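This report covers selected secondary-structure elements and how they pack. The structure comes first, then the notes on it.

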Amino acid sequence: MFKKFQKWSATSMSVALALGLITGLSALPVHAESPVNTDQGISKVTATFYGDTKASKGFTWYTSKLFTKSTVQVTKKTASEADFTNALTFEGTSSPSTNSPEELVHKAVATGLQADTAYYYRVGDAARGIWSETGMFQTAPKNGEFTFIDLADTQAKSEDEAILSSQTLEKALQTVNNAQFVVHNGDIVDTGTKEEQWNWLLGHSQKSLLNTTIVPSAGNHEDENYAFYDHFNINQPAGSATKTGAYYSFDYSNAHFIVLNSNEDSEKYANFSEDQVEWLKKDAAAAKKAGAKWIIVNIHKGPYTTSNHATDADIMDNNGVRNQIAPLMDKLDIDFVVQGHDHIYARTKPINQEGKATTPTQLKDRLNEKTIEYSVNPDGSIYVIPATAGPKVYYKNPSEKLGDKYYNLFELAEENHAAVYGPDPSDNRRPVRGQVQNFVGITVDENKLTAVTYEIDQNKNDAKPFIVDQFGIIKKYQ
């Protein structure tokens with residue numbers, strides 16, 4: 001049963017842009033107008049995992065204060081268009097938006113669904129007959145192969161940049177067209193308490209978001225005043241804090257996903273509360289006991305990256321992520337860690353709990369007319385940062401604090417591919433903004449994980465994605 005979510009006091013910020021769904025992304029010009037109101041007045045619709053991924057789905061959407069009812073309707077996808085005549089209907093709750101007091105946030109959960117089944121849905125107010133455009137999602141299979149997209153840092157600070165980020169998401173879904181969901185590694189917007197930035201990012205991405213499920217982690221740019229939690233229906237542990245973000249987990253086929261919130265702080269752990277770390281330990285152990293074959297972690301402020309933040313105090317200090325959280329990844333038998341925050345592409349070798357890279361047996365295969373190497377039964381966790389799906393990029397970190405000892409932990413640690421375009425005119429510490437974006441398509445098939453990394457260069461290949469890396473993990477059970 002869906003529990004009424006917490007209400008909070010609102011700030012004085014008002015919404016600067018009209019709200020609504022947009023009907024097409026590919027036709028957007030470089031300087032597009034703001035998303036416009038629909039007659040329904042429903043906007044910022046997102047679908048998330050909530051509870052049993054085989055049988056339920058969470059939803060969030062925004063309206064004006066006129067629409068207080070919160071209804072979601074769900075029907076099996078049996079034709080090219082939805083027929084909601086005999087749809088399942090679920091009621092949720094609404095509450096004033098914390099950072100946009102003229103709007104209501106609506107949250108609801110659909111339950112009792114069938115596994116491995118495609119559904120249409122719409123959200124709105126059943127009593128008034130007011131509905132959003134139709135969305136679509138797929139419930140998790142009981143077992144077997146699945147594919148998802150990983151990306152990070154859509155973080156746009158203007159509407160034009162939000163359009164760029166929305167185009168990355170659209171291209172990712174077109175390229176990895178069998179992806180059942182999208183994992184976002186945080187920093188969704190640039191300033192989480194500015195609702196207009198959510199209007200831009202979610203508004204211009206609405207067509208894509210209506211046709212997938214998003215698995216978001218909270219970035220440091222949405223770490224205040226419930227900015228993250230207001231936009232996603234997250235099934236966080238009972239009693240856990242949600243002002244700076246949320247941590248949660250779920251099972252999908254034979255994999256267990258853990259999404260961390262690196263916006264919490266404690267004396268013992270930079271970026272993490274002691275409660276969250278204890279939850280992480282118990283959650284991972286419970287997943288292994290329940291039979292999870294894979295454990296995948298999503299963390300915004302990751303321990304192993306190759307740009308600016310690799311030398312930050314909250315990463316490097318004695319209580320930093322690299323010294324306190326990273327050793328837990330191998331100890332807890334975490335297979336794969338996806339990260340954000342550092343806006344550069346990099347991939348590590350397997351790293352054990354002593355912080356040392358190990359050398360697994362490599363099995364070579366052919367994929368996409370290229371060689372792919374699989375690490376067989378790696379001793380340690382493999383970390384990947386998928387660069388950025390948005391405009392902002394960083395140079396590789398040249399600090400002597402890192403050096404060869406650190407960079408030898410990486411399988412791939414190149415200079416940012418955007419560096420060839422020179423420094424950004426407004427900040428020469430970084431490459432020019434907006435030229436290069438990345439995302440990763442990841443398939444888990446029983447004992448094999450395969451990852452293919454794509455790049456979009458606005459000056460190459462008609463800005464269509466092309467492959468820049470591919471790798472995998474094979475687990476052979478004794």
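The sections below treat a sheet, a pair of helices and a hairpin in this predicted model.

## The four-stranded sheet

An open sheet is built from 4 strands in the order β1-β2-β6-β5, with antiparallel pairing. Its edge strands, β1 (43-48) and β5 (93-96), each pair on one side only. Averaged over the sheet and with direction ignored, neighbouring strands are turned by 20 degrees against each other.

Within this sheet, β2 (residues 57-64) and β6 (residues 103-110) are joined by 8 bridges in the antiparallel sense. One of the paired positions is F59, whose bridge partner in β6 is A108. Helix α2 (residues 195-204) packs on the sheet and touches β1, β2 and β6. The direction of α2 makes about 70 degrees with that of β1.

## The helix pair

Helix α2 also has a helical neighbour: the axes of α1 (residues 159-175) and α2 come within 8 Å and cross at roughly 30 degrees. Angles under 35 degrees count as roughly parallel, so α1 is roughly parallel to α2. The crossing of α1 past α2 is right-handed.

On the α1 side, the contact is made by E159, A162, I163, S165 and S166, while α2 supplies W200, L201 and H204. By type, the residues of this contact are 4 nonpolar, 3 polar and 1 charged.

## The hairpin

Strands β22 (residues 423-424) and β23 (residues 427-431) run antiparallel and are joined by 2 bridges. The hairpin connects β22 to β23 through 2 residues. P423 has P431 of β23 as its bridge partner.

Terms used:
Residues are numbered from 1 along each chain as its sequence is written. This is a predicted model: local features need pLDDT of at least 70, side-chain atom pairs count only at pLDDT 80 or more; totals for chains, interfaces and linings use all residues. Side-chain values use heavy atoms; hydrogens and water are left out. Two strands pair if DSSP finds at least two bridges between them. Axes are lines fitted to C-alpha atoms, for helices over the stretch in contact, and angles run from 0 to 180 degrees between N-to-C directions. Contact means heavy atoms within 4.5 Å. Angles under 35 degrees count as roughly parallel, over 145 as roughly antiparallel, 65 to 115 as roughly perpendicular and the rest as oblique. A crossing is left-handed if the near helix is turned anticlockwise from the far one by less than a right angle, and right-handed if clockwise. Ala, Val, Leu, Ile, Met, Phe, Trp, Tyr, Cys and Pro count as nonpolar, Asp, Glu, Lys and Arg as charged, and the others, Gly among them, as polar.
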